[in-house]
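Here is a walk through a two-chain model, written for someone who likes cut-offs spelled out. Have the coordinates open while you read.

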2 protein chains.
Amino acid sequence: MRRLSPVPFTAVSLEDDFWRERLDTVLTRTIPSQYEKLRSSGILESLTIPKPPPPLRIPPGAHGLSMQVFWDSDVGKWIEAASYALAHRRDAAIEAQIDEITEWLARAQLPDGYLNCWYIGRHPEQRWSNLRDCHELYCAGHLLEGAIAYHQATGRRRLLDILCRYVDHIAEVFGPGPQQKHGYCGHQEIELALVKLYHATGVRKYLDLAAYFIDERGRQPHYFDVEARERGDDPGSYWFKNYEYSQSHKPVREQDKVVGHAVRAMYMYSAMADLAAVLDDAALKKACEVLWRDVTSKRMYVTAGIGPSASNEGFTQDYDLPNETAYAETCASVALIFWAQRMLHLEGDGRYADVLETALYNGALSGLSRDGTHYFYQNPLASDGSHTRWQWHPCPCCTMNVSRLVASVGGYFYASGDDAVAVHLYGASTASLTVAGRRIRIVQHADYPWSGKIRIAVESERPLRFALKLRIPGWARESSVAINGTAQKSPPVVNGYVELDRSWQTGDVVDLELTMPVERIHAHPLVQADVGRVSLRRGPLIYCIEQADHAETAVGLLRLPGRAELRIEERKDLLGGIVTIVADAEAAAPHPAAGALYTTEACATLPARLMGIPYFLWNNRGPNRMQVWLPVA
Amino acid sequence: MRRLSPVPFTAVSLEDDFWRERLDTVLTRTIPSQYEKLRSSGILESLTIPKPPPPLRIPPGAHGLSMQVFWDSDVGKWIEAASYALAHRRDAAIEAQIDEITEWLARAQLPDGYLNCWYIGRHPEQRWSNLRDCHELYCAGHLLEGAIAYHQATGRRRLLDILCRYVDHIAEVFGPGPQQKHGYCGHQEIELALVKLYHATGVRKYLDLAAYFIDERGRQPHYFDVEARERGDDPGSYWFKNYEYSQSHKPVREQDKVVGHAVRAMYMYSAMADLAAVLDDAALKKACEVLWRDVTSKRMYVTAGIGPSASNEGFTQDYDLPNETAYAETCASVALIFWAQRMLHLEGDGRYADVLETALYNGALSGLSRDGTHYFYQNPLASDGSHTRWQWHPCPCCTMNVSRLVASVGGYFYASGDDAVAVHLYGASTASLTVAGRRIRIVQHADYPWSGKIRIAVESERPLRFALKLRIPGWARESSVAINGTAQKSPPVVNGYVELDRSWQTGDVVDLELTMPVERIHAHPLVQADVGRVSLRRGPLIYCIEQADHAETAVGLLRLPGRAELRIEERKDLLGGIVTIVADAEAAAPHPAAGALYTTEACATLPARLMGIPYFLWNNRGPNRMQVWLPVA
């Protein structure tokens with residue numbers, strides 16, 4: 001694919017459909033409620049230096065650190081999410097809140113530009129002494145992303161200027177020079193933020209700093225060893241034991257296994273893809289491709305959840321994908337979307353969009369409740385009923401990650417370039433974009449993801465030649481295209497996109513139909529948790545069975561015969577209106593030896609009705625038993 | 001069954017067979033190596049008050065406690081195991097070691113009888129201030145069991161006298177009196193030790209104290225709350241959050257679910273069964289029965305491992321029996337054996353012996369390596385190859401639990417009473433016992449558990465009438481009995497025992513044959529981890545497949561067709577000589593879409609040979625992938 005650039009969400013209007021409803025919820029409920037939580041949890045107060053630092057409300061974790069060291073990042077992420085909301089609809093109250101935060105930050109900032117409220121308020125003398133654990137650069141990155149977004153939404157520069165001063169200070173402290181620290185953050189994030197800042201400002205030094213952080217990572221002597229010794233600590237007594245946790249076990253270009261903390265990994269790979277694109281760095285691109293293949297072929301749930309283990313919030317062994325204990329942090333799926341979008345535009349291959357779409361509609365969206373004020377941190381693929389959504393969390397990272405995603409979701413739909421427009425995602429929307437140097441509009445009518453019928457109208461004042469590239473998702477085994485009512489016979493499909501290269505003008509309409517049968521998905525046979533089981537997919541949605549829909553049978557007893565027909569049923573009354581999957585299935589009957597835990601007889605089965613709902617909607621009717629992978633009868 | 005009493009292991013000689021080999025290993029290798037570990041780890045040194053207390057070699061755990069508070073218990077358990085060894089074969093070196101420990105304890109003991117070396121050496125002023133966490137009574141119980149065993153093995157009273165003085169002190173401190181503490185230990189153990197002491201001494205007060213600890217447990221106001229307030233702690237800030245952990249959430253007679261820390265639970269239920277028997281307490285017996293049914297019908301692995309969760313070292317939800325993450329602590333299966341033996345003699349029902357035998361040959365024995373110096377703390381039912389045996393552990397409880405079990409295993413074989421002799425377990429052995437007031441010998445010839453052919457010879461000088469009760473294990477669906485070569489037609493089977501009630505004399509021989517086909521075991525359909533899988537059992541042994549025996553196929557790809565014949569193959573060359581299970585099975589073939597993690601096609605299978613070895617022997621050839629539950633093709 002000739003390289004295209006994403007059409008920013010500010011140029012994409014989502015219309016009355018799936019995403020509009022969720023966007024409205026985020027704008028009107030999620031973002032205000034998050035501000036309230038930031039206030040009531042003391043996070044906002046922690047910015048008001050030089051007041052005395054707030055008491056440690058949260059006890060230190062196993063490694064002796066308070067989660068309060070991450071608080072600046074939560075503020076930054078909320079500003080980013082709120083700014084995306086402002087881009088949809090200006091709001092004086094929210095702007096006043098951000099402006100107030102800006103003034104707190106302005107007062108807190110030290111003369112040299114340093115700006116981390118936890119260190120300034122508590123241990124200014126210890127700043128930059130523990131990058132491994134204390135996340136100063138991570139916090140800086142999130143504040144920076146927030147500042148860029150606020151500037152783009154409102155045009156106000158004050159917060160961005162504060163952050164630029166901070167980044168200028170960081171660029172003095174860190175780098176290859178003999179007087180500089182050869183360090184990088186234990187929790188990657190600032191790297192991708194710096195690339196954003198480069199794009200926003202054009203200042204090359206920000207790009208160079210991002211590249212420095214990426215390429216210095218994992219080199220020997222290891223910076224985390226060096227700084228530990230400088231603190232008087234024994235590097236060998238590192239509480240996490242290994243540097244795979246932060247993907248700093250070796251230089252990033254040599255990494256070929258997706259390891260460690262999943263969110264850190266995804267943020268890093270996103271920055272690597274960014275740098276590969278801007279610097280045209282083939283080696284970095286190659287590293288991204290190897291890592292992508294690793295995660296998607298061996299270490300990803302069918303929901304595009306990633307990172308099965310709670311102990312490292314991340315990756316374990318190949319094919320180790322337990323369902324009930326799946327960590328699959330919401331943040332990790334959101335960050336996978338970031339990386340996938342970058343890979344998609346770097347390589348122009350629809351398989352990246354396939355993963356992006358799977359993560360968006362399943363592993364990430366499950367993190368936010370329908371009411372917009374309850375969250376999942378972990379997204380297991382089975383539950384005994386004990387997993388529940390919460391209103392806030394001692395580490396509230398996921399809350400603002402999912403709100404900033406939804407508030408900017410339109411930015412994942414379209415891309416354009418010199419001679420082509422790509423439609424990556426489907427859903428009723430209007431995009432204003434530039435192609436071949438001319439402004440045009442693409443108007444999409446669809447009832448996606450419930451239906452695969454999509455109509456795309458081009459609005460161009462004058463005839464304009466370009467390739468309209470429509471993504472044919474990997475899940476769509478059959479599709480048809482008509483232009484102005486004329487079916488197209490075998491239009492060329494290149495890298496997952498049907499390319500309609502012609503002269504377009506207002507009035508031209510393309511009808512795309514993607515067939516959406518319900519399909520049984522089988523996992524790789526080495527995934528022990530899924531042996532003898534299937535999951536159900538329709539379009540981009542992975543389905544689950546929830547106890548709430550099965551009054552007569554414990555969900556754990558349901559079995560799906562291989563021959564059972566899978567039908568769809570539209571249910572406008574349920575969960576805001578969804579398409580369900582129903583089947584005449586079976587339920588394991590009580591064991592022959594009443595109550596026996598182990599017998600030599602396989603148990604009998606009785607007829608039972610099985611009903612699936614989209615996975616992302618589970619647990620909106622209270623805690624509930626749930627399963628994605630269904631045993632085959 | 002008329003009530004019978006176990007024949008003590010000192011009256012049972014194990015002959016050249018399965019248990020003799022393991023017993024010799026424990027006597028010659030395990031017990032000496034454990035002494036060496038107790039020495040090199042500083043545990044012995046910690047007894048040598050008034051030397052300064054040893055430095056804290058092990059950092060405190062999450063709850064701020066050092067595992068050193070348990071050290072006295074490790075010493076007690078080693079003395080117990082070593083004393084059982086001495087009963088088989090006196091050993092001056094071991095006796096000198098125990099006598100030296102005895103002198104250390106004598107010097108450490110305070111004038112009032114108090115004897116906990118950790119508190120005496122570090123915080124004598126804090127004694128009895130935190131029964132919830134600090135295990136003083138637990139330690140006392142293990143020292144007491146050790147002292148009783150040493151006295152019984154050697155006749156020496158000094159250690160027992162020291163412990164009786166300590167127990168006398170405990171009986172003054174704890175009890176219902178207004179000046180006494182109404183407390184009990186966070187980790188049950190002393191209760192069953194006190195019953196042993198009662199049986200050893202006949203002193204009623206020890207029995208009363210055991211009953212007091214059992215019945216006070218879980219009453220309101222809750223003692224752990226009371227003592228926390230007395231310490232100045234907030235009971236609500238208890239690190240474990242709930243008292244189910246120590247089965248003190250409600251009075252024991254009201255408990256009907258097996259919850260919390262598995263070892264604590266089993267020790268407590270053992271003491272409850274003891275008290276039910278001695279005091280003829282029907283309500284306590286009933287509580288035991290309810291709890292027994294709960295654990296065996298909903299919360300026990302097929303290996304009789306118990307306690308799936310690492311977080312509480314114990315129980316979770318009904319049917320929550322994950323395989324790879326199974327905690328299934330060795331100690332818990334050992335303690336289940338203790339409880340099962342008591343229930344067996346309380347009720348005379350062979351189903352208790354079935355669980356006892358399953359735990360003995362599987363969940364407990366797996367904890368000890370063939371070489372006798374490597375251990376499992378956790379006994380998972382599947383492994384990705386990362387689980388490994390260790391030589392010692394910061395909490396070495398399991399090491400001495402399995403050695404004291406094996407050193408006294410003969411004590412589980414036989415029971416006798418006024419008019420009956422029961423053979424609970426099979427294996428070449430000779431028991432000297434009293435029945436109908438007369439001394440006789442039972443000589444058993446068998447190649448158990450490899451063969452179900454058992455010959456039992458009675459040696460009685462004069463004809464003596466009694467019922468010879470031979471257990472027909474639950475796994476044995478067919479059996480035959482012949483007396484002096486004459487087949488018995490449908491001899492009466494009562495509560496799992498065939499009863500041969502006649503006049504016996506020397507020269508009488510019974511041939512019992514238990515058919516031992518290989519059987520497929522199915523788990524209850526609510527056990528999610530085992531849906532679509534079977535385990536293989538032959539006789540009392542649960543089998544597993546280990547990667548070491550499958551050079552050509554990853555164990556995780558093996559599938560066992562329902563129609564596949566399961567054959568046995570004797571392998572004298574393997575693991576000391578075993579019977580293996582072999583089958584023509586299948587291996588899942590690579591996915592149609594090369595490398596794809598998820599596809600819409602079920603994968604094909606290829607022929608493959610499957611070979612099972614007894615579960616308890618796994619991981620004797622290094623870490624290895626392993627599975628007990630095999631997917632059905």
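## Strands, copies and contacts

S10(B) and strand S11 (residues 486-487) of chain B pair in the antiparallel sense over 2 bridges, where pairing takes at least two DSSP bridges between two strands. Strands (E, at least two residues) and helices (H or I, at least four) are DSSP runs, numbered from the N terminus. Within this pair, Ile483(B) has Thr486(B) in S11(B) as its bridge partner. S10(B) and S11(B) make a hairpin with 2 residues between them, and Asn484(B) in that turn has a positive phi of about 50°.

A word on provenance: this is a predicted model, in which local features need pLDDT of at least 70 and side-chain atom pairs count only at pLDDT 80 or more, while totals for chains, interfaces and linings use all residues. Residues are numbered from 1 along each chain as its sequence is written, chains are lettered from A and ligands numbered from 1 in the order in which they are written, and side-chain values use heavy atoms, with hydrogens and water left out.

Over in chain A, 7 strands form an open antiparallel sheet in the order S2-S6-S7-S8-S14-S10-S11. Strands S2 (12-14) and S11 (486-487) of chain A each have a single partner strand, so one side of each lacks a neighbour in the sheet.

| Strand pair | Bridges | Partner pair |
|---|---|---|
| S6 (residues 429-435) and S7 (residues 438-446), chain A | 7 bridges | Ala431(A) and Ile442(A) |
| S10 and S11 (residues 486-487), chain B | 2 bridges | Ile483(B) and Thr486(B) |

Now two residues up close. His387(A) lies in the loop between strand S3 (382-384) and helix H15 (397-407) of chain A. His387(A) counts as buried at 17% relative accessibility; the scale is buried under 20%, exposed over 50% and partly exposed in between, with a 1.4 Å probe and protein chains only. Its side chain reaches the backbone oxygen of Gln378(A) at 2.8 Å. Beyond its neighbours within four places in sequence, His387(A) is in contact (heavy atoms within 4.5 Å) with residues including Phe376(A), Trp618(A) and Pro623(A).

Ser416(B) sits in strand S4 (residues 414-416) of chain B and is buried too, with a relative accessible area of 11%. A polar atom of the Ser416(B) side chain lies 3.0 Å from the backbone oxygen of Thr434(B). Leaving aside neighbours within four places in sequence, the contacts of Ser416(B) include Leu4(B), Val7(B) and Leu433(B).

How do the chains relate? A rotation of 180° with 0.0 Å of shift along its axis puts chain B on chain A at RMSD 0.0 Å, fitted by least squares on C-alpha atoms of residues with pLDDT of at least 70 in both copies. That is a two-fold axis relation. In chain B, the C-alpha of Gly532(B) is the nearest to the axis, 3.0 Å from it.

The contact takes 45 residues from chain B and 44 residues from chain A. Together the chains bury about 3200 Å², 57% of it on carbon and sulfur atoms; that is accessible area (1.4 Å probe) lost on being put together, summed over both. Leu597(B), Tyr598(B) and Thr600(B) supply 23% of what chain B buries against chain A, more than any other three residues.

Notes:
A polar contact is a pair of N or O atoms within 3.5 Å; within protein, one must be able to donate a hydrogen and the other to accept it, and residues adjacent in sequence count only if both atoms are side-chain atoms. Buried area is the accessible area (1.4 Å probe) that two parts lose on being put together, summed over both.
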